[in-house]
Amino acid sequence: MEENMAYNHKEIEPKWQRYWQKHETFKTVESEQKPKYYALDMFPYPSGQGLHVGHPEGYTATDIMSRMKRMQGYKVLHPMGWDAFGLPAEQYAMKTGNNPKDFTAHNIKNFKRQIQSLGFSYDWSREVNTTDPEYYKWTQWIFEQLYKKGLAYEKETLVNWAPDLMGGTVVANEEVVNGKTERGGFPVYRKPMKQWILKITAYADRLIDDLDLVDWPDSIKEMQKNWIGRSIGASVFFDVEDSDQKIEIFTTRADTLYGATYLVISPEHPLVDQLTTLESKAAVEEYKQAVATKSDLERTDLNKDKTGVFTGSYAVNPVNGKKIPIWIADYVLASYGTGAVMAVPAHDPRDYEFARKFKIDIVPVIGGGNLDEEAYTGDGPHINSGFLDGLNKQEAIDKMLDWLEEHGAGHKKVNYRLRDWVFSRQRYWGEPIPVIHWEDGETTLVPEDELPLRLPATDNIKPSGTGESPLANLEDWLNVVDENGRKGRRETNTMPQWAGSSWYFLRYVDPKNQNKIADEDLLKEWLPVDLYVGGAEHAVLHLLYARFWHKVLYDLGVVPTKEPFQKLVNQGMILGSNHEKMSKSKGNVVNPDDIVERFGADTLRLYEMFMGPLTESVAWSEEGLNGSRKWIERVWRLMIDDNNHLRDRITMINDHKLDLIYNQTVKKVTEDYENMRFNTAISQMMVFVNEAYKADALPMVYMEGLVKLLSPIVPHVAEEIWQIMGHEETITYEAWPTYDESKLVQDTVQVILQVNGKVRSKVEVEKDLDQAELEKIALADERIQQWTAEKDIKKVIVIPNKIVNIVAK
């Protein structure tokens, strides 16, 4: 079979993987002399399904960068680890009676085997695992610092409670779809519960403003800004009629106050019961019940039918003294702003629909539009607005703000969409929160020198049924007594999966340190992360939480940089061959193990980089995979003969015929790699290989250069050819190829020779040859002499570097 004669991935790939492991080829060495490069992948959740072909796309990209940087003389930190706490392991354990720890360890082993089979240049001595007590000791330590700074607090808050999911647990807003849990489709209710909350809102401004310091895609920066949702506006106070109560609302358009014809408060607003009149009581109660199962995301959906109920009470518009009705509606959330809004139906589509439906007054205060058809949201002069009439938007806003402050009816205010981060989960498989609640009402932290507070091993991870986590079942662990005999109870909530992933990039810098998160000098040496690659699904929460923790640690003097990730790149998604997202249910999932077995890891790496731009989503294709394998074989055959020796036409002598294309290739591939345009870099190497096949002699130095350029993408093949070329050492630390600027210029040009305007010959001459010389060469050309024989040459027109036209009669 020809394959044994040629390139056999089943021998070559394991051979080099063993070599790298034995020699610790990719072990990061801290040294002052070299510039640093920290390339980071978003570490995976080790699921039961194992790796799928989407993972290696990002991992190959960071690997190419890491391998190139090593060859360019950088010290490189390129680590891998496991984001291993999480709901699926707990659900699986409950279903099968296994414990999540063993299940997770088994999955990690499988993931690691798969990742290692792809030849990534990770320094495995730095591997971290968020479920390792030596790791989560520091996750707990960070929580304690947050607590001491007043950034972690307990509060009764409305949560999404799913009583039927795992015996009752809280789910995040993002995990609720149509009033049901995303996992399992169980009903969700809003219920007040005591939770640990992190005060991320204290950092809202810095989380927006510091985005200017990083090189991230604009779309991701926008998503972060929108999530934080900073808006500058005004607080306005409305008196409640026949009462001493006031309702505070936030608005960005104080200039439209004359057009406010009703107020809407959230069903959870503390004043609802006081405002509800006897006549409205039954309707209000019924409405509150109906809203209880809806998540915030559903309630604020712009497309849904507007619902609401009148409380029976009225407020007084401060600017014109008019009496306006107070309604309750689910699209106003208790958690946003003040839980109350003023409605200006003439100029807001949602208020307009609501007012039309419930027959509430609509008063225009900005000229323009047709209110019989829709709300007018454009600009125009103010009308029906007393002292604001005729003013434009900004003038009117400023003037109204002055009026509100003067009359004690309001003031300027900055508002944020961002909510504080609910940090507790009623689950077993997570980091224990290091807090003790004492019988006398005091709450204390577990002393730092007693960390980690270990998650107790147990087979009993059934829900407690009270809404507490399964840890409430473990009496021995739960109950504590201090040295004075005071009884206490440990916190039973655990941290969310986001906790461990909010700081793991710091631990890679110094993963074995027993005394601190990481050594200060090492953090100074390696931070910030130079390149962070992962899926766009983490664009908001993970990145926001990690930036928040990093800023807290910066304020504490633990880390030296304001931002953790200098450059961020989101890889696209690899879709199934039917252009749909890969999923088990669709049967279009591709397992990398099969590809490595059939085609080899280098083929998979090359194919995933060649499919299209790294940041675009592309459909998987078996044909493309075959093409990539064939091209690797073509590169192999260019240099290696059937006996696995170097071909005779590889020579120490350079006839300079490949000078131009080689130097162009080094320049383009290097620039394309630096900009992560891997597909166009590969195309350029394909062009070079085609030219090399046409050449009689292949200069050794150019062939070595080609192998080096290829090595970051297809490292196993490159190592093998490098060895056959006679090198003893790995290619990993060889110098990256450079190009000669002078060779990028063509020394010769082709000049067209014409007789009476018709092309009769072509000639290769030195560039910028003078006209007299060109004329001599043209007249001496054999074919021209045939066409001009027995003719009288009238004149010769010479256009240097292009054409010589001989006029002959």
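In which loop is Pro452 found? Pro452 belongs to the loop between strand E19 (443-445) and helix H14 (475-478).

The views below show a predicted model, in which local features need pLDDT of at least 70, side-chain atom pairs count only at pLDDT 80 or more, and totals for chains, interfaces and linings use all residues. Residues are numbered from 1 along each chain as its sequence is written, and side-chain values use heavy atoms, with hydrogens and water left out.

**View A. The cis peptide bond from Leu451 to Pro452.** The omega angle of this bond is near 5°.

**View B. The cis peptide bond from Leu527 to Pro528.** Here omega is near -5°. The loop that holds Pro528 runs between helix H17 (520-526) and strand E22 (531-535).

**View C. Asn178, a residue other than glycine with a positive phi.** Its phi value is near 50°. Asn178 sits in the loop between strand E7 (176-177) and strand E8 (180-181). With a relative accessible area of 60%, Asn178 is exposed; buried means under 20% relative accessible area, exposed over 50%, and partly exposed in between (1.4 Å probe, protein chains only).

**View D. Asn801, with a positive phi although it is not a glycine.** The phi of Asn801 is about 65°. Asn801 is partly exposed, its relative accessible area being 23%.

Terms used:
Helix = DSSP H or I, 4+ residues; strand = E, 2+ residues; numbered from the N terminus.
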